[in-house]
Amino acid sequence: MTPMLETADTTARISRRGAPPTWLVVTLACAGQFLVVLDVSVVNVALPSMRTDLGLSGPGLQWVVNAYAIAFAGFMLFGGRAGDLYGRKRMFLAGLGLFTLASLGGGLAQEGWQLLAARAVQGLGAAVLAPSTLTILTAAVPEGPARARAIATWTAVGAGGGAAGGLVGGALVDGLSWRWVLLINVPVGAVVLLGSLLRLPESRAGDGRRLDLPGALLVTAGLATLAYGISQTEARGWTAAAALLPLAAGLALIGLFLAVEARTAAPLMPLGLLRVRAVASANAAMFLCGSAMFSMWYFMTLYAQNVLGYSPLEAGFALVPSSLAVVLGSKLGPRFMPVTGERNLAALGTLVAAVGFGWQSAMSADGAYLTSIMFPGILMMLGAGLAATPLAALATSGAAPGEAGLVSGLVNTSRTMGGSLGLAVLSTVAASRSAGSDTPQALTQGYALAFRTGAGVLVAGALLMWLWLPRRTAANAGESGSA
């Protein structure tokens, strides 16, 4: 995950009093980004242990992931705008402090609801913290090769955080307990917080626009209510009031969010941007891709531990090749774009991921590591990496220069929102197939159906890209994205 909001700000006012060395600013900003990205994936290998210790239900287990993701997605753009208005350092400190305190609360949780509440507050802290990590870095490093190297470091640290999540989580759960996948953030966060308080420079945009707090609250509440309604269909069915009421309420909240965005002077998500074909199509494609790909780590970890009997550390090691594959795909994407064009590469990457999902859906209760985890996992994540860069490039190509940061934030928000709702849907699909049984065979059938459904979603996403994405290539990047 890389929430980019204004990579450069010519109007920023930077405090130069006792300016710290550039390397220290880069280190502190990257440390904040690492914590945010790490906590998206680090809990996955701890899920079975959390369920056993806190008595979480199957639907409750998905909320350990979704509570963080929904709060993060819903408040990400809000966090970026707050940094512009009130100071990036101030928001960095506030977000990191909230994130660290929530990590302590989650690590000490004695009941399932306490853990879920802590994860939601963690997501809120991450949404305030994450946008400031990049803007602090770009404001402090002069434009040119030095800034390019700093951004490359920030990007690599973010990718490394995602890749290291399973391994770090597995080592902590095996060596200590599941609580340490959250508690480890406390000493690290405290050190980064102290260093940032003393040494980070302040900057802000100061354009006088107000924060769209109603928009952030409505979209977050709408997503959470929709996801809750979807999870209720597992036990109650699609026609039960317990499912229909939250589904209807969630849709109503999303509708109210759109109405508020259309009328407010400084909207969280300017709806006019969605009239631009490149922006609308790329965000829709990212939403669909995220709805399938975000769930991959969740189900792969449960399959490795609940069915194949891997320890948390073994599960973390098992997912290292696929973690590296997404980094490789992200690096290869820019190299292929001048040859294939963004639309073709995005569709191709999505189809590669769909093949991996289809292969994974052939899993068995006694599957071998190479054919049941490693190779299909590599395909899934290689495709995800290949598709992400061209989709982001297409989305930003359709926006005015001053809106590039906002559109980058929208892309990341769309992907995370899609992942949150997708996890709710696919978890319900898996649970309906396993029918409440926790035998390896029943669980395998449920996970397999989830991957098969994900493959179908990705094929539909690739088709949407072919039909809707503009035919823009890297060679004619200056042309209009409306072709």
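Let's start at G309. Just after helix α12, G309 takes a positive phi of about 80 degrees. Helices here are DSSP runs of H or I, at least four residues, numbered from the N terminus.

A word on the source. This is a predicted model, where local features need pLDDT of at least 70, side-chain atom pairs count only at pLDDT 80 or more, and totals for chains, interfaces and linings use all residues. Residues are numbered from 1 along each chain as its sequence is written, and side-chain values use heavy atoms, with hydrogens and water left out.

Now α12 itself. The helix covers residues 296-307, twelve in total. From first C-alpha to last, α12 reaches 16 Å, close to the 16 Å expected. That expected span is 1.5 Å times one less than the number of residues.

Is α12 enclosed or open? Eleven of its twelve residues are buried, so α12 is largely enclosed by the rest of the structure. Buried means under 20% relative accessible area, with a 1.4 Å probe and protein chains only. Among the buried ones are M296, W297, L302 and V307.

F299 is buried too, at 3% relative accessible area. Next, its ring. The whole structure holds seven aromatic pairs; rings of Phe, Tyr and Trp (its six-membered ring) pair if their centres lie within 6.5 Å. F299 and F451 have ring centres 6.1 Å apart and planes at 65 degrees, so they sit edge-to-face. Edge-to-face means planes over 60 degrees apart. F451 lies in helix α18 (residues 440-468), 152 residues from F299. F451 is buried as well, at 2%.

Last point. Y298, F299, F357, Y447 and F451 form one aromatic cluster.

Technical notes
Helix = DSSP H or I, 4+ residues; strand = E, 2+ residues; numbered from the N terminus. Buried < 20%, exposed > 50% of the residue type's maximum accessible area, 1.4 Å probe, protein only. Phe/Tyr/Trp six-rings, centres within 6.5 Å; stacked < 30°, edge-to-face > 60°.
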